[in-house]
Structures are given as C-alpha cells and as structure tokens.
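Hi,

Here's the model I promised to pass along. Have a look, and my notes on what turned up are just below.

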Amino acid sequence: MSRRDSGREDAAYWSPYVAGLGLGITLLLTYYVMGHGLGASGAFTQLTAKIVHRVAPDHTQVNSYLRGYLASGSFWRSWIVIEVLGVFVGGLLGALTAGRFKVQIERGPHATAGGRLLLALLGGAGVGFGSRLAQGCTSGQALSGGAVLAVGSWLFTLAFFLGGYMVASLVRRQWR
Amino acid sequence: MNAPLIPGEALAPELGLVAAAISGILFGFFLERAGFGSSRKLTAIFYLQDFAVLRVMFTAVVVAMVGLLVLGGIGQIDLAMLAIPDTYIWGQALGGLAIGIGFAVGGC
C-alpha cells in the first residue's frame, strides 16, 4: 500500500480479500445460473454492431464479424449489455453509499487533465482492440476464464501484466 | 441435476436478463468497494505500490474455482455445460499484451 495513497478514501475501501470473496461469489453465482462468467468488452462490441447497423446496414450484412453479433438477438436482450449496465448501477451505489462519489479527472499530481483524457482515449483504443483480438478483456478472460482454468485465459493474464509493466515507466507521471 | 440453471432449463431463458442485471450490480458494487473505481489505484500495481488488483482478482478466481469444483463434485452443477473460453494462443497473447499496455496508459 502506497504511503501517498493512504488517505481517507483508501481507508474506506474493503480489504482486498473481502472484496475478492464477494467478487468470487458473484462469479460463482453467475456460472451457476447462466453457465458462463462475467464480461465487459462484449457489450461495446454489441454497441458497435448496433451503431454500424444503424448507419450502414449493408455493411453489417457482408461483415461476417458484425453480422454474428446482430444474429444473436436485439441489443437490449443481450445479457452482456444488461450486465454492464448493472455494473454501472452497482458501482454508482457503491460510491454513493461510501460517500466517495465525486466528479473528477483522476491523475497524478504532475499530469494535466487534457493529457490524461488524451491518454485515456489512446489507452481505451488499445484495450478495445486487444479485447477483440483476445475475445475478452480482464473480466471475460483473466477473471472468468481464469476461474475455469482456461489455458488461453491464463496466457492472456500473463501477457496482460507483461504489457502493463513494459510501458508503466513511460507513463509514470500520469499516475504517481 | 439442472445447474447451470438457464442452460439446464431449470430457469426460463427470459430470466437470464434479470440474472445478468443482478450479476452486474454485484460485480460493480464489489469492484467499487475494492477501490477499482479509481484509475490511480488500478494502475498502482504497475509501480509496485499497491497490489489490490492482484489480491482481489486472485481471491475471486480461487473462490469461484473452488466453488465450482465442490458443486461439481457433489453433483450440484454439470461442469461440462459451462462455457469455457476457447484457446487462441496468438490472439490471447497479443490481445492481453495490448490490453496491458492500454490499461497502464489509459487506466481502465
């Protein structure tokens, strides 16, 4: 735990083991009821398919990747879209009940807000591209795939940490 | 034995969206309680200053894994019906790398 971070907000967070237990039981329940794990990035692919279909329906008909997403039913009946909306509600509830709700552009003491937003956009694009390449993000692969010992998901997890540690020193001023 | 409940037809498929909403709300709530609403806390692992990401993630993985094995062992869930992510070595290695880089840069 960083000394610089040990303010009031940090003290209010749950022990990582307690939060991890809650998260693990949530994941177990999801597998028990739905037969699959949790996800996140898939909702954005559903959104992409929906928007592209609205703008250029001909394109989605010939694009086998996007067509697959449209074939699985309408946007609002997609489990992952509803789940991600639930994540937003749950996160909001958590922040409000802990008195942590705050509008801010979180960054290190030497980073500018504009630079932070630009890098958030670039990083987000990297995460979006990577999650399609890997067929999942940290939720679908590392967490859900990890719990069922999927080989590729563990490879994903190792590569994820490798990528993060590779570039962390270049963007240190953004965060520390 | 009819778990997993929805693929095992113990629950109507229409209830899947209700289950997805409940899963999502719990997921978001526990992530927030862990401190993962904060990008600085999430990225602190890459500066070896805060290992909450690793602790939370691996606790969750182990809890779910042991839970599934126990439920499967006592015949309460058919593990063969679970959706397991497919293995694509290059896709998952390069995708994981890209997400790791994007995560450190973007903070999501």
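Helix 2 of chain A and helix 3 of chain B cross at roughly 40°, and their axes come within 7 Å. (Axes are lines fitted to C-alpha atoms, for helices over the stretch in contact, and angles run from 0 to 180 degrees between N-to-C directions; helices are DSSP runs of H or I with at least four residues, strands are runs of E with at least two, and both are numbered from the N terminus.) That makes helix 2 of chain A oblique to helix 3 of chain B, where angles under 35 degrees count as roughly parallel, over 145 as roughly antiparallel, 65 to 115 as roughly perpendicular and the rest as oblique. The crossing of helix 2 of chain A past helix 3 of chain B is right-handed; a crossing is right-handed if the near helix is turned clockwise from the far one by less than a right angle, and left-handed if anticlockwise.

Before going on, the housekeeping. This is a predicted model, so local features need pLDDT of at least 70 and side-chain atom pairs count only at pLDDT 80 or more, while totals for chains, interfaces and linings use all residues. Residues are numbered from 1 along each chain as its sequence is written, with chains lettered from A and ligands numbered from 1 in the order in which they are written.

Back to that helix pair. On the chain A side, helix 2 brings residues including A:Pro16, A:Ala19, A:Leu23, A:Leu27 and A:Tyr31, and these meet a set in helix 3 of chain B that includes B:Arg55, B:Val56, B:Ala60, B:Val63 and B:Leu71. (Two residues are in contact if their C-beta atoms, placed from the backbone, lie within 7 Å.) By class, the contact of helix 2 of chain A with helix 3 of chain B has 18 nonpolar residues, four polar and one charged. Here Ala, Val, Leu, Ile, Met, Phe, Trp, Tyr, Cys and Pro count as nonpolar, Asp, Glu, Lys and Arg as charged, and the others, Gly among them, as polar.

Helix 3 of chain B also meets helix 8 of chain A: their axes come within 7 Å and cross at roughly 30°.

How many residues does each chain put into the whole interface? It is 88 from chain A and 78 from chain B. Helix 2 of chain A gives the largest share of the chain A side, 18 residues. The chain A side divides into 52 nonpolar, 29 polar and seven charged residues.

B:Phe30 sits in helix 1 (residues 15-34) of chain B and is buried, with 26 other C-beta atoms within 10 Å. (Buried means 20 or more other C-beta atoms within 10 Å of a residue's own, exposed means 12 or fewer, and partly exposed is in between, with C-beta atoms placed from the backbone.) Leaving aside neighbours within four places in sequence, B:Phe30 is in contact with A:Ala19, A:Gly22, A:Leu23 and A:Thr26. B:Thr87, in the loop between helix 3 (52-73) and helix 4 of chain B, has 15 C-beta neighbours inside 10 Å and so counts as partly exposed. Not counting residues up to four places away in sequence, B:Thr87 touches A:Ala150, A:Val151 and A:Gly152.

Now chain A on its own. Its secondary structure comes to ten helices and zero strands, and its C-alpha trace spans about 55 × 40 × 35 Å along the principal axes. Buried residues make up 44% of the 176 residues in chain A.

Within chain A, helix 8 and helix 9 pack at an angle of about 125°, with their axes 8 Å apart; they are therefore oblique to each other. Helix 8 of chain A passes helix 9 of chain A in a left-handed crossing. Among the residues that meet there are A:Gln141 and A:Gly145 from helix 8 and A:Trp154 and A:Phe160 from helix 9.

The buried residues of helix 9 of chain A, among them A:Gly152, A:Leu155 and A:Gly163, pack against helix 8 of chain A together with helix 4 (89-106) of chain B.

Cheers
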